[in-house]
Amino acid sequence: MDNNTDVLEGVAEPIRGLMQSAGLSVNALAAEALIPRSTLRRKLLAPEQLTMGDLLAIARALDCPAHEIFPIVPMGSNARNRSEKKSA
């Protein structure tokens with residue numbers, strides 16, 4: 001799995017935690033984010049389907065900076081290799 005997929009798979013947990021802190025259900029978050037309820041439910045179960053637009057709308061609805069919903073993923077060897085090539 002690449003880092004991009006790892007990051008997207010990890011966003012559901014922070015989103016659910018922020019929802020709980022805000023006292024929002026999936027239905028309420030969907031309404032606030034202007035995302036159809038069934039779509040949000042499906043994408044939280046398969047977060048790799050979330051788009052940047054979805055994530056920004058969710059962050060706005062949760063009244064938090066977008067970076068708070070992204071988990072910290074250690075850089076993999078592919079990311080290191082790219083940065084090493086740039087500096088060479």
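**Entry 1: ground rules**

I number residues from 1 along each chain as its sequence is written. As this is a predicted model, local features need pLDDT of at least 70 and side-chain atom pairs count only at pLDDT 80 or more, while totals for chains, interfaces and linings use all residues; side-chain values use heavy atoms, with hydrogens and water left out.

**Entry 2: confidence**

I began with pLDDT, the predictor's confidence in each residue, from 0 to 100. The protein has a mean of 83, and 74% of its residues reach 70 or more. My helices are DSSP runs of H or I with at least four residues, numbered from the N terminus.

**Entry 3: the salt bridge**

I looked for salt bridges, meaning a side-chain nitrogen of Lys or Arg within 4 Å of a carboxyl oxygen of Asp or Glu. How many does the structure hold? I found one. Its partners are the side chains of Asp54 and Lys43, at 2.6 Å from N to O. Asp54 sits in helix H5 and Lys43 in helix H4, so the pair ties together parts that are 11 residues apart in sequence. In general, side chains of opposite charge can pair when their charged atoms come close.

The 2.6 Å pair of Lys43 and Asp54 side chains is also listed as a polar contact (a pair of N or O atoms within 3.5 Å; within protein, one must be able to donate a hydrogen and the other to accept it, and residues adjacent in sequence count only if both atoms are side-chain atoms).

Lys43 counts as buried because its relative accessibility is 11%. Asp54, also with 11% relative accessibility, counts as buried too.

Next I listed their contacts (heavy atoms within 4.5 Å). Not counting residues up to four places away in sequence, Lys43 touches Gln49, Leu50, Thr51 and Asp54. With neighbours within four places set aside, Asp54 is in contact with Ile35, Lys43 and Gln49.

H4 spans residues 37–45. Which of its residues are buried? They are Thr39, Leu40, Lys43 and Leu44. These cover an arc of only 130° around the axis, which puts them on the same side of H4; I take the arc from the directions that run from the helix axis to the C-beta atoms. Ser38 and Leu45 are exposed on the other side of H4. The cover over the buried residues of H4 includes H2, H3 and H5.

H5 covers residues 52–61. Its buried residues include Asp54, Leu55 and Ile58, along with Ala57, Ala59 and Ala61.

**Entry 4: helix H2**

In H2, residues 12–22, I found Ala12, Ile15 and Met19 buried. Viewed down the axis of H2, they fall within an arc of 65°, so they line one face of the helix. Glu13, Gln20 and Ser21 are exposed on the other side of H2.

**Entry 5: the core**

I took a nonpolar core as a set of buried Ala, Val, Leu, Ile, Met, Phe, Trp, Tyr and Cys residues joined through side-chain atoms within 4.5 Å. Which members of the largest one touch the most other members? Of its 19 residues, they are Ile15, Met19, Leu29, Leu40, Ile58 and Leu62. H2, H3 (26–33), H4 and H5 each supply at least two residues of this core. H5 gives the largest share, five residues.

I then picked out Leu29: beyond its neighbours within four places in sequence, Leu29 contacts Ile15, Met19, Leu24, Leu40, Ile58, Ala61 and Leu62.

**Entry 6: positive phi**

Just after H2, Gly23 has a positive phi of about 70°. Leu34 is not a glycine, yet has a positive phi of about 60°. Leu34 lies in the loop between H3 and H4, and counts as exposed at 75% relative accessibility. Asp63, not a glycine either, has a positive phi of about 55°. I placed Asp63 in the loop between H5 and H6 (77–87), where it is exposed, with a relative accessible area of 72%.

Definitions and conventions:
Buried < 20%, exposed > 50% of the residue type's maximum accessible area, 1.4 Å probe, protein only.
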